[in-house]
Amino acid sequence: MQIRVYYEDTDTGGVVYHSNYLNFCERARSDAFFKKDMTPVLESGHFVARKLEADYIASAKLGDVLDVKTELIQMKAASFTLFQTIFRDSKKIFGLSITLAYITFEGKPQKIDANTKELILSLFDS
């Protein structure tokens, strides 16, 4: 997914504020569902961030066009892990490992059913 850096994404110096890299990655994950005419909120539940590790390598600035790449790393019974990388041109500037847990609408963890697993694999398996 391509994202342009807007003024609202930056601090007063025109540098992307650190938490916005997480927002860019979230947009890319959601966009994968939108491309299939779906949302990340499914019939029997949705996903929440359980664990993440971020690596800030270089700064993006106002006006930059960024590419967010998403790769499925691991699928478990009730969660999956993605690695997302943000590039400016061909230079890697940010990396995120994120584990997403599947929960009910009441907030309880649940096993990822076969249809949802197939969907996740189709969206993020590279």
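**Strands and two residues**

Modeller: The model is predicted. Strand 1 (residues 2-4) pairs with strand 3 (residues 65-75) in the antiparallel sense, over 3 bridges.

Biologist: How many bridges join strand 3 to strand 4?

Modeller: Strand 3 and strand 4 form a hairpin, with 3 residues between them. Strand 4 covers residues 79-88 and runs antiparallel to strand 3, and the number of bridges joining them is 9.

Biologist: Is Cys25 buried or exposed?

Modeller: Cys25 lies in helix 1, residues 18-34. Leaving aside residues up to four places away in sequence, Cys25 touches Val68, Gln84, Ile86, Phe94 and Leu96. The cut-off for buried is under 20% relative accessible area. Because its relative accessibility is 0%, Cys25 counts as buried.

Biologist: How does Asp11 count at 34% relative accessibility?

Modeller: Asp11 is in the loop between strand 1 and helix 1. Buried requires under 20% and exposed over 50%, with partly exposed in between. The value is 34%, so Asp11 counts as partly exposed.

Biologist: Which residue has its backbone nitrogen 2.9 Å from a polar atom of the Asp11 side chain?

Modeller: A polar contact needs N or O atoms within 3.5 Å. At 2.9 Å from a polar side-chain atom of Asp11 lies the backbone nitrogen of Gly13.

Technical notes. Residues are numbered from 1 along each chain as its sequence is written. This is a predicted model: local features need pLDDT of at least 70, side-chain atom pairs count only at pLDDT 80 or more; totals for chains, interfaces and linings use all residues. Side-chain values use heavy atoms; hydrogens and water are left out. Two strands pair if DSSP finds at least two bridges between them. Helices (H or I, at least four residues) and strands (E, at least two) are DSSP runs, numbered from the N terminus. Buried means under 20% relative accessible area, exposed over 50%, partly exposed in between (1.4 Å probe, protein chains only). Contact means heavy atoms within 4.5 Å. A polar contact is a pair of N or O atoms within 3.5 Å; within protein, one must be able to donate a hydrogen and the other to accept it, and residues adjacent in sequence count only if both atoms are side-chain atoms.
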